Amino acid sequence: FREGQLKVSIRTPRSLVERGVDLGRAVVVAAEKVGGLGGGHDAAAGAQIPDGSEEEFLEILDRIVGAQLAGK
């Protein structure tokens, strides 16, 4: 864990995974877009993102998960 970075941990219920959510893929993309690193599994993932990027990270993650739920 590096100074100036926030550690993020995300979980989702199995019911959302069954509907198409893959947090591992979503977190990788969202973290990279804000200059961080992410990874994990469909129901559990984590990331390290730059301090101050949390709002942008969450907005990106929300869009990605919404697209996954819509089947896109």
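This passage walks through the fold of a single chain and then looks at a few of its residues in turn.

The structure is a predicted model, in which local features need pLDDT of at least 70 and side-chain atom pairs count only at pLDDT 80 or more, while totals for chains, interfaces and linings use all residues. Residues are numbered from 1 along each chain as its sequence is written, and side-chain values use heavy atoms, with hydrogens and water left out.

The chain holds three helices and three strands, where helices (H or I, at least four residues) and strands (E, at least two) are DSSP runs numbered from the N terminus. Reading along the sequence gives the pattern β-α-α-β-β-α. The radius of gyration is 12 Å, close to the 11 Å that the globule rule gives for 72 residues, so the chain is as compact as a globular protein of that length. Here the radius is taken over C-alpha atoms, and the globule rule is 2.2 Å times the number of residues to the power 0.38. Along its principal axes, the C-alpha trace spans about 35 × 20 × 15 Å.

Next come the surface and the interior. Of the 72 residues, 38% are buried; buried means under 20% relative accessible area, exposed means over 50%, and partly exposed lies in between (1.4 Å probe, protein chains only). The accessible surface comes to about 4500 Å², and 50% of it belongs to carbon and sulfur atoms. Such areas come from the Shrake-Rupley method with a 1.4 Å probe, and for residues only the protein chains shown count as cover. A contact means heavy atoms within 4.5 Å. Among contacts between residues at least 6 apart in sequence, 56% join residues at least 24 apart.

The chain has 9 positive and 11 negative side chains, and the centres of the two sets lie 7 Å apart. In this count Lys and Arg are positive and Asp and Glu negative, with His and the chain ends not counted; the place of a charge is taken as NZ of Lys, CZ of Arg, CG of Asp or CD of Glu.

As a general point, an α-helix has 3.6 residues a turn, so residues three or four places apart point the same way.

A45 belongs to strand β3, residues 44–50, and is buried with a relative accessible area of 5%. Leaving aside neighbours within four places in sequence, A45 is in contact with V8, S9, I10, R11, L23, G24, V27, G39 and G40. Q68, in helix α3, is buried at 9% relative accessible area. With neighbours within four places again left aside, Q68 is in contact with R19, G20, V21, D22, R25 and A26. G36 is found in the loop between α2 and β2 and is buried, with a relative accessible area of 9%. Not counting residues up to four places away in sequence, G36 touches A31, Q48, I49 and P50.

E3 lies in the segment before β1 and is exposed, with a relative accessible area of 82%. The C-alpha atoms of E3 and L61, 58 residues apart along the chain, are separated by 23 Å. G71, in the segment after α3, counts as exposed at 65% relative accessibility. G71 and R19 are 52 residues apart in sequence, and their C-alpha atoms are 8.6 Å apart in space.
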